[in-house]
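Hi,

Here is the structure I promised to pass on. My notes on what turned up are just below it.

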Amino acid sequence: MKTIVDASGIIAVISIINVLIGSNLFYSLNTVSRNVLMESTVRMGIIRAEATFGHPVYYAMYCALIIPLALYMWQNERRRWNGCILGLNIVAAFLTESRGTIVVLLALLLVFILITDKKTRNKIFCAGCVIACLAVFVSFAVPTVSQQFTNIIKSIIIAFGDSGETIENFGGNSSTGLSSRMIQLSGISWMLIHNAVFGLGASCHTRGKLSYRINGVWQVRDTIDNGYVGYFVEEGLLGGIACFSLFYSLLKSSWKKATFKNSRNMNNSFFLCFVSYVAVMLSVADVSQLLWVIIALYITYNAKAQAIASE
């Protein structure tokens with residue numbers, strides 16, 4: 001877990017540098033002969049952070065899983081580097097401009113503050129004061145940076161609010177709401193019509209097999225932005241129900257094992273990871289490689305804890 005978190009700090013540094021210089025340095029590492037996703041997108045005048053993940057929303061999902069782990073390391077190890085890693089991942093997640101992920105992380109942080117121990121709560125408040133002072137300094141020293149972060153916050157408010165306001169130079173995605181995610185729910189109906197049990201198969205959207213109902217008409221689309229829609233349309237009711245069963249079991253099991261008043265309990269971090277993933281899946285396609293690593297860590301940690309307790 002320490003290795004994973006430390007590596008995320010390096011990735012966050014490079015992703016932030018990419019935003020500052022307006023180019024993805026990772027693209028220079030493209031040495032394979034096949035096509036890979038390299039979707040640099042610009043929103044509100046800056047390139048969105050994406051690291052090696054090919055798209056900002058996938059990197060945002062990674063950050064959503066890493067931040068609870070980084071939070072645990074910051075709580076329990078007296079290394080300034082841990083605090084830097086946590087901060088870097090938060091900044092990187094913000095610079096992805098993935099609004100759904102940012103909202104989930106903010107909500108998760110608020111819940112964590114309410115249920116954690118007093119010592120950690122005080123550390124968070126102190127860190128918050130430092131960040132606030134830095135933000136005020138930066139806003140005066142570099143007004144353009146301040147304006148950019150203000151625009152990101154504004155875009156989140158517009159997306160989740162009932163506003164007809166738009167943001168200039170926002171980019172290709174709608175800046176006024178979550179209509180695209182809601183439209184994609186109709187893909188489940190399309191799946192039920194054509195193959196309810198087993199679904200439309202892997203990558204059905206890139207093979208032209210998936211349609212969404214738009215303005216009363218079924219139209220073929222090549223994107224899936226909702227992870228749950230992805231499970232159902234690709235794997236049918238069988239895969240969709242299995243997906244929900246897995247997430248329900250992980251949340252229930254980790255919640256029972258978590259003790260937030262004891263910061264040394266790693267199950268606290270695992271529970272936050274699972275909650276974060278389940279929530280972010282509402283607006284981001286499934287990227288489960290790191291999730292399975294965390295599940296393996298969760299199983300191993302509790303197996304060893306049980307073995308120690310039984311001695």
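Predicted model: local features only at pLDDT ≥ 70, side-chain atom pairs only at ≥ 80, totals over all residues.

Leu109 is partly exposed, with a relative accessible area of 38% (buried means under 20%, exposed over 50%, partly exposed in between, with a 1.4 Å probe and protein chains only). This residue sits in helix α4, residues 99-115 (helices are DSSP runs of H or I with at least four residues, strands are runs of E with at least two, and both are numbered from the N terminus).

Residues are numbered from 1 along each chain as its sequence is written, and side-chain values use heavy atoms, with hydrogens and water left out.

Overall picture

The protein chain has 11 helices and four strands. Of its 311 residues, 44% are buried. Taking contacts (heavy atoms within 4.5 Å) between residues at least 6 apart in sequence, 65% join residues at least 24 apart.

Aromatics

A pair of aromatic rings is described by the distance of the centres and the angle of the planes. The rule used here takes rings of Phe, Tyr and Trp (its six-membered ring) and pairs them if their centres lie within 6.5 Å; planes under 30 degrees apart count as stacked, over 60 as edge-to-face and the rest as tilted. That gives 16 aromatic pairs. One of them is Phe53 with Tyr59: the centres are 5.4 Å apart and the planes are at 35°, so the pair is tilted. Phe53 is partly exposed at 23% relative accessible area, whereas Tyr59 is buried at 0%.

Phe260 and Phe271 make an edge-to-face pair, with 6.2 Å from centre to centre and 75° between the planes. Phe260 is in the loop between α9 (227-257) and α10 (267-280), and Phe271 is in helix α10, 11 residues away. Both Phe260 and Phe271 are buried.

There is also an aromatic cluster, formed by Tyr228, Tyr231, Phe232, Phe244, Phe247 and Tyr277. Which residues does Phe247 touch, not counting those up to four places away in sequence? They are Tyr228, Tyr231, Tyr277, Val278, Met281 and Leu291. Phe247 belongs to helix α9 and is buried, with a relative accessible area of 5%. The C-alpha atoms of Phe247 and Val278 are separated by 7.1 Å, although the two residues are 31 apart along the chain.

Lys123 lies over the face of Trp74, at 4.4 Å from the ring centre (a charge sits over a ring if NZ of Lys or CZ of Arg is within 6 Å of the ring centre and within 35 degrees of the ring normal).

The cavity

The search ran on a 1 Å grid over the protein atoms alone, where a cavity is a set of points at which a 1.4 Å probe fits but cannot get out, and lining residues have an atom within 4 Å of a point. Grid points are joined across faces, edges and corners, and a volume is the space filled by probe spheres set on the points. The count comes to one cavity of 30 Å³ or more, and the largest cavity holds about 30 Å³ of space. Its lining consists of Pro68, Leu71, Tyr72, Gln75, Phe112, Asn268, Ser269 and Leu272. The elements that give two or more residues to this lining are α2 (56-76) and α10, and α2 gives the most, with four. By type, the lining has five nonpolar residues, three polar and no charged (Ala, Val, Leu, Ile, Met, Phe, Trp, Tyr, Cys and Pro count as nonpolar, Asp, Glu, Lys and Arg as charged, and the others, Gly among them, as polar).

Backbone

Most residues other than glycine have a negative phi. Ser203, though not a glycine, has a positive phi near 55°. Ser203 is in the loop between α8 (186-195) and β3 (211-214) and is partly exposed at 33% relative accessibility. Asn215 is not a glycine either, and has a positive phi of about 55°. Asn215 is in the loop between β3 and β4 (217-220) and is exposed at 77%.

Cheers

How values were computed:
1 Å grid on protein atoms, 1.4 Å probe; cavity = no way out; pocket = protein on both sides within 12 Å on 5 of 7 lines; lining within 4 Å.
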